[in-house]
Amino acid sequence: MQKGQTINPFIDWSFKHIFGREESKDLLVGFLNVLLKRDIPIRDITYLNNEHIPEDPQLRTCVFDVICTDEEGDRFLVEMQHTEQRNIRNRLIYYACRLINEMGRRGDWNYDIGRVYAICLMDFTYDEHAVLRNDYLLLDSRTGHVFSDRLNIITLQIPCIRANNLSECRESYEKCLYLLKSMRDNMLTFQDICAEIEAENTSEEVKAMLRRVANAANIEMLSEKDRVAYDYALKRYRDYYSGLKTAEEKGFDKGRQEGLQEGLQEGLQEGELKAKKEIALTMKGKGISPDMIVQCTGLSLDDINDL
């Protein structure tokens with residue numbers, strides 16, 4: 001491993017390690033504040049269980065990347081999507097509505113709900129004329145007036161970042177996204193990242209957030225268990241993309257374009273589930289905690305206990 005490397009933040013485990021731990025609260029608060037620029041900044045958050053199991057067994061269980069609430073009762077869902085999803089808009093609407101639904105109360109209740117923010121960092125674009133950031137609200141189509149501020153969806157299309165360094169980023173949140181992209185592409189070492197942050201002409205608040213991102217991603221600071229978990233997650237990430245590329249090449253060779261998408265998706269899902277279970281079984285044998293295995297593989301506790 002090259003000295004000064006950082007973890008790849010576009011891997012599920014890494015994203016949760018950077019943004020989803022109790023030690024990451026200040027980092028996530030800082031990112032949400034520079035992204036949302038609310039009149040009253042967020043001061044504190046509480047992480048919530050990212051596995052949402054509905055009361056009705058016929059409904060789908062949702063496993064989110066990072067979910068939290070602030071002191072006002074607003075909820076924030078932060079997702080990293082590294083593979084292209086045809087129905088990404090519908091998925092975000094569904095996730096946001098699930099969070100709103102869970103604010104309901106039995107008995108006397110006046111529908112007093114907090115705001116929900118569904119924020120998705122995506123490593124692909126979904127529009128022909130894509131831009132880095134899109135904000136979606138409930139508006140009156142005639143007047144443009146906001147109908148309600150309770151539902152907010154923000155998409156951040158990482159491929160739209162054109163900056164070559166921090167100084168070229170126009171917004172503070174873009175600086176954070178630029179760091180994540182640089183780590184993914186191995187463009188900078190940890191030492192280079194730190195030097196660029198210190199040379200940046202920005203507020204101390206933004207610098208502090210960027211330092212926390214860099215420190216959380218420093219591979220040399222991972223504990224032994226975290227390093228094992230990251231290595232497994234990295235292998236799964238690479239195997240997935242290798243399988244995806246191979247399947248695409250075979251599909252093109254055979255010239256079966258229409259049938260490829262459905263068959264490829266089903267085959268990848270089956271193969272990914274099998275790989276996840278194999279990784280979980282190995283981690284279980286090494287004494288790694290079930291919660292850590294859930295975080296690394298995305299399997300449920302029931303799945304892991306059945307192994």
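## Phe-19 and the nonpolar cores

Phe-19 touches Ser-24, Leu-27, Leu-28, Phe-31, Tyr-47, Val-66, Cys-176 and Leu-180, leaving out residues up to four places away in sequence; a contact here means heavy atoms within 4.5 Å. Phe-19 and Leu-177 have the most contacts inside the largest nonpolar core, which has 71 residues. Helix H2 (residues 25-36) gives the largest share of this core, eight residues. Another core, of 19 residues, lies apart from it and includes Ile-67, Leu-77, Leu-92 and Ile-153.

A nonpolar core is a set of buried Ala, Val, Leu, Ile, Met, Phe, Trp, Tyr and Cys residues joined through side-chain atoms within 4.5 Å. Buried means under 20% relative accessible area, exposed over 50%, and partly exposed in between (1.4 Å probe, protein chains only). In soluble globular proteins, nonpolar side chains tend to be buried together.

## Model and overall make-up

This is a predicted model, in which local features need pLDDT of at least 70 and side-chain atom pairs count only at pLDDT 80 or more, while totals for chains, interfaces and linings use all residues. Residues are numbered from 1 along each chain as its sequence is written, and side-chain values use heavy atoms, with hydrogens and water left out.

The chain has ten helices and eight strands. Helices (H or I, at least four residues) and strands (E, at least two) are DSSP runs, numbered from the N terminus. Of the 307 residues of the chain, 47% count as buried. Among contacts between residues at least 6 apart in sequence, 61% join residues at least 24 apart.

Helix H1 (residues 12-19) is largely enclosed by the rest of the structure, because seven of its eight residues are buried. The buried residues in H1 are Trp-13, Ser-14, Phe-15, Lys-16, His-17, Ile-18 and Phe-19.

Asn-8 is found in the segment before H1. Asn-8 is buried, with a relative accessible area of 9%. Leaving aside neighbours within four places in sequence, Asn-8 is in contact with Ser-14, Arg-184, Tyr-230 and Tyr-237.

Two packed helices are described by the angle between their axes and the distance between the axes. Axes are lines fitted to C-alpha atoms, for helices over the stretch in contact, and angles run from 0 to 180 degrees between N-to-C directions. Angles under 35 degrees count as roughly parallel, over 145 as roughly antiparallel, 65 to 115 as roughly perpendicular and the rest as oblique.

H2 and H4 pack at an angle of about 130 degrees, with their axes 7 Å apart. That makes H2 oblique to H4. Phe-31, Val-34 and Leu-35 of H2 make the contact with Ser-172, Tyr-173, Cys-176 and Leu-177 of H4. By class, the residues of this contact divide into six nonpolar, one polar and no charged. Ala, Val, Leu, Ile, Met, Phe, Trp, Tyr, Cys and Pro count as nonpolar, Asp, Glu, Lys and Arg as charged, and the others, Gly among them, as polar.

The axes of H2 and H6 come within 9 Å and cross at roughly 130 degrees. H2 and H6 are therefore oblique to each other. In this pair, Asp-26, Leu-27, Gly-30, Phe-31 and Val-34 in H2 meet Val-206, Met-209, Arg-212, Val-213 and Ala-216 in H6. The contact of H2 with H6 has seven nonpolar, one polar and two charged residues.

## Packing of H5 against H6

The axes of helix H5 (residues 190-199) and helix H6 (residues 204-217) come within 10 Å and cross at roughly 180 degrees. H5 and H6 are therefore roughly antiparallel to each other. Phe-190, Ile-193, Ile-197 and Glu-198 in H5 meet Lys-207, Leu-210, Arg-211, Ala-214 and Asn-215 in H6. This contact of H5 with H6 has five nonpolar, one polar and three charged residues.

## Loop residues

Ile-161 lies in the loop between strand S8 (146-157) and helix H4 (172-184). Ile-161 is buried, with a relative accessible area of 4%, and touches Leu-132, Glu-174, Leu-177, Tyr-178 and Lys-181, not counting residues up to four places away in sequence. The C-alpha atoms of Ile-161 and Arg-133, 28 residues apart along the chain, are separated by 9.9 Å.

Most residues other than glycine have a negative phi. Tyr-111, which is not a glycine, has a positive phi of about 60 degrees. Tyr-111 is found in the loop between helix H3 (88-101) and strand S6 (116-122) and is exposed, with a relative accessible area of 65%. Asn-186, in the loop between H4 and H5, also has a positive phi, near 55 degrees.
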